[in-house]
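Biologist: I have the model open and would like to talk through how it packs. Could you start wherever you like and keep the terms plain?

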Amino acid sequence: NSRIGYAVQKFLPMSLMSTVKNIDSLPAGFFTPVSKGKSLGSATADLVLVLNTYANEDAWNQYRKSPKAVGNLYALGKDVIDAAAANGYDPDKVISGAKGVVLGNLYKEFFNALDQNDYKRMDKIARRIMRVGGTLKGLKASVKSRTGQYGREVTPETVATMERVFSPRI
């Protein structure tokens, strides 16, 4: 049993847990056949699982300790995209759909932390957003939309806070 198995068990279906517990032997094509049977929806859902693993702080900290595990995670994402393409689906739609789900949840978490002035949590969520390809521009758009839903406007202080937590790490 590895620590990664424990860290990720809350985010993956039980059918995948035996694979996660032995992360170095993760077969790259585990989720997806490279032909017949992979729908756009299932490919997107599979890629959401991969991106959530990247976004999860505990899981990522465990994965990055093993270059082989990181490579397997990358290969798994690539296999999902390749399988969708082999079945005639636009890989960009799979990627944008999966990123939309993952980033939407992360942007919502960030907004809640922002609303509570929880700078430590905002900083952690910003790193998670960046790991899955999210941007400051995307976050600003999401916060502007959410703020508008509550009849408020984005203040210069809010913009400065978002820019601070998205500043490059040294």
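**Helix packing and selected residues**

Modeller: Helix α8 and helix α9 cross in a right-handed way, a label used when the near helix is turned clockwise from the far one by less than a right angle, anticlockwise being left-handed. Helices here are DSSP runs of H or I with at least four residues, and strands are runs of E with at least two, both numbered from the N terminus. This is a predicted model, in which local features need pLDDT of at least 70 and side-chain atom pairs count only at pLDDT 80 or more, whereas totals for chains, interfaces and linings use all residues. Residues are numbered from 1 along each chain as its sequence is written, and side-chain values use heavy atoms, with hydrogens and water left out.

Biologist: At what angle do α8 and α9 cross?

Modeller: The axes of α8 (residues 136–149) and α9 (residues 156–165) cross at roughly 150° and come within 10 Å, the axes being lines fitted to C-alpha atoms over the stretch in contact, with angles from 0 to 180 degrees between N-to-C directions. That makes α8 roughly antiparallel to α9, since angles over 145 degrees count as roughly antiparallel, under 35 as roughly parallel, 65 to 115 as roughly perpendicular and the rest as oblique.

Biologist: And which residues make that contact?

Modeller: On α8 they are L136, L139, K140 and V143, and on α9 they are T158, V159, M162 and E163, where contact means heavy atoms within 4.5 Å. By class, the contact of α8 with α9 has five nonpolar, one polar and two charged residues; Ala, Val, Leu, Ile, Met, Phe, Trp, Tyr, Cys and Pro count as nonpolar, Asp, Glu, Lys and Arg as charged, and the others, Gly among them, as polar.

Biologist: How does α7 sit against α9?

Modeller: Helix α7 (residues 119–131) packs on α9 at an angle of about 60°, with the axes 9 Å apart. That makes α7 oblique to α9, and the crossing of these two helices is right-handed. In α7, Y119, M122, D123, A126 and M130 meet T161, R164 and V165 of α9, and this contact divides into five nonpolar, one polar and two charged residues.

Biologist: Stepping back, how many helices and strands are there in the whole protein?

Modeller: The protein has nine helices and zero strands. Of its 170 residues, 39% are buried, meaning under 20% relative accessible area, with exposed set at over 50% and partly exposed in between (1.4 Å probe, protein chains only). Counting contacts between residues at least 6 apart in sequence, 66% join residues at least 24 apart.

Biologist: Back to the packing: which residues of α3 and α6 meet?

Modeller: From α3 (residues 40–55) there are L40, A43, T44, L47, V48, L51, N52 and A55, and they meet V94, I95, G97, A98, K99, V101, V102 and L106 in α6. By class, that contact has twelve nonpolar, three polar and one charged residues. The two axes come within 8 Å and cross at roughly 45°. That makes α3 oblique to α6, and α3 passes α6 in a right-handed crossing.

Biologist: I keep looking at L114; is that residue buried or exposed?

Modeller: L114, which lies in α6 (residues 91–115), counts as buried because its relative accessibility is 12%. Leaving out residues up to four places away in sequence, L114 touches M122, V143, T158 and T161.

Biologist: Last one: where is N117, and what is its phi?

Modeller: N117 is in the loop between α6 and α7, and its phi is near 55°, a positive value in a residue other than glycine. Most residues other than glycine have a negative phi. At 52% relative accessibility, N117 counts as exposed.
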